[in-house]
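Reader: I would like to learn to read a fold by its parts. Could we go through one together?

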Amino acid sequence: MFTSTKTRRPVTREADDLASLLASMVVGQPNMIDALVPCVEMFQAGLAPESRPVGVFLLLGPTGTGKTRTVEALAEALHGNAKSLLKIDCGEYQMEHEVAKLIGAPPGYLGHRETQPALTQQKLTSVASEKCGLSIILFDEIEKAAPSMARLMLGLLDRGILRLGDNTQVNFEKTIIFMTSNLGAREMMREIAPELGFQSAVAADPGEVAGKLERVAMSAVKRKFSPEFVNRIDHVITYQPLDAVSFAAIVDHEVDRLQRHVVSRLGPRAFDVDVPYVVRQWLVARGTSAEYGARELKRTIHRNLTQPLATMVARGEVDPGSCVVVGIRKDRQSLLLGMARAGAPRGSAQPSILVVSENRELLQFQQHWIADEGWEVTIAGTAVEARKLAARRKPDVALIDAALPDQRGVELAVQLRSTAPSLRAIALTAADPLPEDEDRVRLQNGIGLLPKPFLMRDALVVMRARLADRPFPRYDDPPKAA
Ligand SMILES: Nc1ncnc2c1ncn2[C@@H]1O[C@H](COP(=O)(O)OP(=O)(O)O)[C@@H](O)[C@H]1O
Ligand SMILES: [Mg+2]
């Protein structure tokens, strides 16, 4: 009734809203949304089981993949405030005696008066809202807590009851409980290390990688926690390492948020902020890593974009209704903010692709696929036309057919790159293996080759890899000299 059991995707409107709201705040983790939304719906429909918490979730996975962010996002979605949750930082409960702070000391014991238990009924209620009566509890980085924390939580997870030091009871029936953990994260990184940098490339089957990570994570959990504890968890969700596409989406969200902030804060004095695609990629490159995921991304955006923008505003350098254009400085170490010339065209937030082929049918087909990605497409039928368009439009990527009526594809690619070195060129070739001279030319000039026939899906993977300045398997550029 509430979820179609086949896909587990929500079918009601509210659930759809919640799902899309969560997906916009936590990128690239669909498993989480599929498990979380039906659970919240059950509560909202009044059908959550009695005598236990509404849901118990364990979120696993590498650092900076959105585990903590998920819980904050749910608080924002349900209560309108990302801080409307009761967060237990398990790092503060590393010693056995510290665990007592959760429930307070029994009367008569040392510290009874001064210790306010961390989990009281009143605290639970205070993080619910008029909008929604569900309290969100987060045990963050649960692996850091002393072992007695897990024992203390057993009754809470099982019956929804926690007995405090003063012998009163706290009821968890209207709570949803999250635990996050990096357990197994190091082994997970080792699992994906061979593919690091090419996560979304043709080689690795994402489903297979996901399954492997899940097994690694679960075995780490079983080593750390007792079977009773593990059995009381409703959903164990393993977060996937984020790929280039997800990182780009996070930057897009942050830039949108900045723009909305400018509009809502400055009202009639607001202005546009134009952050072209290359700048967004620069932010991704600076703010993300395999080790820390997207953890530094917000700070990178804040330091390089938000702060300089705030300075410009404070100094009165931005005219109301105007447009601030963001670029990258020559040394590529920082961003350059300036006022757009009146009437100047805006940079595009999306990569632009130039497709060159004389095969109209193929062109149309490719154009359709690329536009579906949200990328901007320009098409050319000849080398002459391609050169003109490249000069005018300055595309990020050129996808060039092997044989054009007036030139060979690889040669055109070399030419285009000689006038625009930042252009990523991919030449389609008719042969596999490649003719030696063609191979030599492209090796010397940093051009990607894609042998025909290919699936458009694979071509997109190759283009994405190019856009993220990652090599793609097999038809790769020579490694850069260190
Ligand atoms: N999947 C994601 N979607 C959106 N932002 C993310 C995602 N993962 C990480 N971030 C960004 O990185 C920051 C740290 O993520 P966090 O959820 O705290 O990581 P962890 O998985 O280590 O708990 C977030 O505040 C957010 O800015
Ligand atoms: Mg975290």
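Reader: How many residues lie between E9 and E10 in their hairpin, and which residue in the turn has a positive phi?

Author: This is a predicted model, so take each feature as part of a prediction. To read a hairpin, look at the two strands and at what links them. Six residues lie between E9 and E10. The turn residue with a positive phi is Arg-332, at about 60°.

Reader: How many bridges join E9 to E10, and do they run parallel or antiparallel?

Author: Read the sense of the pair, then its partners. E9 and E10 (residues 335–339) run antiparallel, joined by five bridges. Val-325 stands opposite Gly-338 in E10. Gly-327 has Leu-336 of E10 as its bridge partner.

Reader: What order do the strands of this open sheet have, and which are its edge strands?

Author: The order is E8-E9-E10, three strands with mixed pairing. E8 and E10 are the edges, each pairing on one side only. On average, neighbouring strands here are turned by 25° against each other, direction ignored. Helix H12 packs on this sheet and touches E8, E9 and E10. The direction of H12 makes about 35° with that of E10.

Reader: How do E8 and E9 run, and how many bridges join them?

Author: E8 (residues 272–274) and E9 (residues 323–328) run parallel, with three bridges between them. Asp-274 has Val-325 in E9 as its bridge partner. Val-325 also stands opposite Gly-338 in E10.

Reader: Which elements give two or more residues to the shell around ligand 1?

Author: For a ligand, start with the residues that come nearest, then ask which elements supply the shell. Of the 19 residues around ligand 1, the nearest are Gly-66, Lys-67, Thr-68, Arg-69 and Ala-294. Helix H3 (67–79) and helix H12 (297–314) each give two or more residues. H3 gives the most, with three.

Reader: What classes of residue make up the shell, and which domains does it draw on?

Author: By class, there are six nonpolar, nine polar and four charged residues around ligand 1. At least three residues come from each of domain 1 (13–241) and domain 2 (245–339).

Reader: What is the strand order in the five-strand open sheet, and what is the pairing?

Author: The order is E12-E11-E13-E14-E15, with parallel pairing. Strand E12 (376–380) and strand E15 (448–451) are the edges. The twist averages 20° from one strand to the next. Five bridges link E11 (residues 352–356) and E12. There, Leu-354 stands opposite Thr-378 in E12.

Reader: Which strands does helix H15 lie across?

Author: Helix H15 (residues 409–419) lies across E11, strand E13 (397–400) and strand E14 (424–429). H15 runs at about 175° to E14.

Reader: Why does Ala-386 count as buried?

Author: Count the C-beta neighbours. Ala-386 has 29 of them inside 10 Å, so Ala-386 counts as buried. This residue lies in helix H14 (residues 383–393). Beyond its neighbours within four places in sequence, Ala-386 is in contact with Leu-354, Val-356, Ala-380 and Leu-412. The C-alpha atoms of Ala-386 and Val-355 are 8.3 Å apart, though 31 residues separate the two along the chain.

Reader: How many helices and strands are in the protein chain?

Author: The chain has 17 helices and 15 strands. Buried residues make up 37% of its 482 residues. Among contacts between residues at least 6 apart in sequence, 70% join residues at least 24 apart.

Definitions and conventions
Residues numbered from 1 in each chain as written. Chains lettered and ligands numbered in written order. Predicted model: local features only at pLDDT ≥ 70, side-chain atom pairs only at ≥ 80, totals over all residues. Near = placed C-beta within 6 Å. Helix = DSSP H or I, 4+ residues; strand = E, 2+ residues; numbered from the N terminus. Nonpolar A, V, L, I, M, F, W, Y, C, P; charged D, E, K, R; others polar. Domains from an automatic or database assignment. Pairing = 2+ DSSP bridges. Axes fitted to C-alpha atoms, helices over the stretch in contact; angles between N-to-C directions. Contact = placed C-beta atoms within 7 Å. Buried ≥ 20, exposed ≤ 12 C-beta atoms within 10 Å, placed from the backbone.
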